Amino acid sequence: MALRIAATASASVSRIARPQNSSFFFSAPHHNLTLKFHNPLLPPPIHKPGTPIVTGSRCHIRAISEAAVEPAISKKEGEEQQSPENWKIKMLYDGDCPLCMREVDMLAERNKSYRTIKFVNISSDDYSPEDNQGLDYETVMGRIHAILSDGTVVTDVEAFRRLYEQVGLGWVYAITKYEPIATIADSIYGVWAKYRLQITGRPPMEEILEARKKKVGMLTCTKTIEIGTMTHCLD
């Protein structure tokens, strides 16, 4: 991701090593297996009503799934984590960008403790420019945007620096405050922003914008007609 490249370039100039991102591990639910064997030379066990009888070399296997007993995180709780009430900076991110999401996931994980960042997915059907300083979908797709609690809009590497500062990682981008590092970092990020769709194997910007326009139009459409395999809006 470009911000990684920018940080690397900054680090190479200042001879400061760039830290690695935190790794995330996911473990599938496992089962606890209890095996019970009965020796035929010993007296049979006392049988209690309602319990299975185990005899000979047969074994009784009991599988208990941890997933069944662990409480699931509700959708409401997830939304609250994404939208803390007293946020200090709002991150507008492209939820359809796989590389971008690695960065978002890392920040979101740390934000569970700090609760200072509000995350807004611009690819969501509910994204509203009116709620985000008038920044429309095409504009925020062009490069990273963040909005401070006072309404100030920041972009490019400065946006990343501000975001990192809010989760205790300000030192990662601290050097980008100074010239000529700031200019170099923004230039490198600009290259990434320009070609990120191609790099991540996505369609050109024009096609994405057209698809977005049709999708939003269909969501607001009240009258439709189907012609063949196509659905058309009559509003």
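1. Helix H8 is followed by Gly201, a residue whose phi is positive, near 75°. The model is a predicted one, and the angles given in this note should be read with that in view.

2. The loop between helix H7 (170–173) and H8 contains Pro180. The peptide bond that leads from Glu179 into Pro180 is modelled as cis, with omega near 5°.

3. The structure holds 1 cavity of 30 Å³ or more, and about 150 Å³ of space lies in the largest cavity. Of the 16 residues lining this cavity, those closest to its centre are Asp94, Cys100, Ile144, Tyr189 and Arg196. Two or more lining residues come from each of strand E3, helix H4 (98–114), helix H5 (137–142) and helix H8 (181–199). By class, the lining comprises 13 nonpolar residues and 3 charged ones, with no polar residue.

4. Strand E5 (residues 145–148) has two pairing partners. With strand E3 (residues 89–93) it pairs in the antiparallel sense over 4 bridges, and Met91 has Ala146 of E5 as its bridge partner. With strand E6 (residues 153–155) the pairing of E5 is likewise antiparallel, over 3 bridges, and here Ile147 has Val153 of E6 as its bridge partner. E5 and E6 form a hairpin with 4 residues between them, and Gly151 in the turn has a positive phi of about 95°.

5. Which way do the side chains of E5 point, and are they buried or exposed? His145 and Ile147 point one way from the strand, while Ala146 and Leu148 point the other way, and all are buried. In a regular strand the side chains alternate between the two faces of the sheet.

6. Val104 is found in helix H4, and at 4% relative accessibility this residue counts as buried because the cut-off for that class is under 20%. Leaving aside neighbours within four places in sequence, Val104 is in contact with Met91, Tyr93 and Phe119. Met91 is the residue whose bridge partner in E5 is Ala146. Val104 and Leu92, for their part, are 12 residues apart in sequence and 9.9 Å apart in space, C-alpha to C-alpha.

7. Two residues other than glycine have a positive phi and deserve a look. Arg115, with a phi of about 50°, lies in the loop between H4 and strand E4 (117–121), and Arg115 is partly exposed, with a relative accessible area of 36%. Asp156, with a phi near 55°, is found in helix H6 (residues 156–165). At 13% relative accessibility Asp156 counts as buried, because the value is under 20%.

Conventions: Residues are numbered from 1 along each chain as its sequence is written. This is a predicted model: local features need pLDDT of at least 70, side-chain atom pairs count only at pLDDT 80 or more; totals for chains, interfaces and linings use all residues. Side-chain values use heavy atoms; hydrogens and water are left out. Buried means under 20% relative accessible area, exposed over 50%, partly exposed in between (1.4 Å probe, protein chains only). Two strands pair if DSSP finds at least two bridges between them. On a 1 Å grid over the protein atoms alone, a cavity is a set of points where a 1.4 Å probe fits but cannot get out, and a pocket is an open set with protein on both sides within 12 Å along at least five of seven lines; lining residues have an atom within 4 Å of a point. Grid points are joined across faces, edges and corners, and a volume is the space filled by probe spheres set on the points. Ala, Val, Leu, Ile, Met, Phe, Trp, Tyr, Cys and Pro count as nonpolar, Asp, Glu, Lys and Arg as charged, and the others, Gly among them, as polar. Contact means heavy atoms within 4.5 Å.
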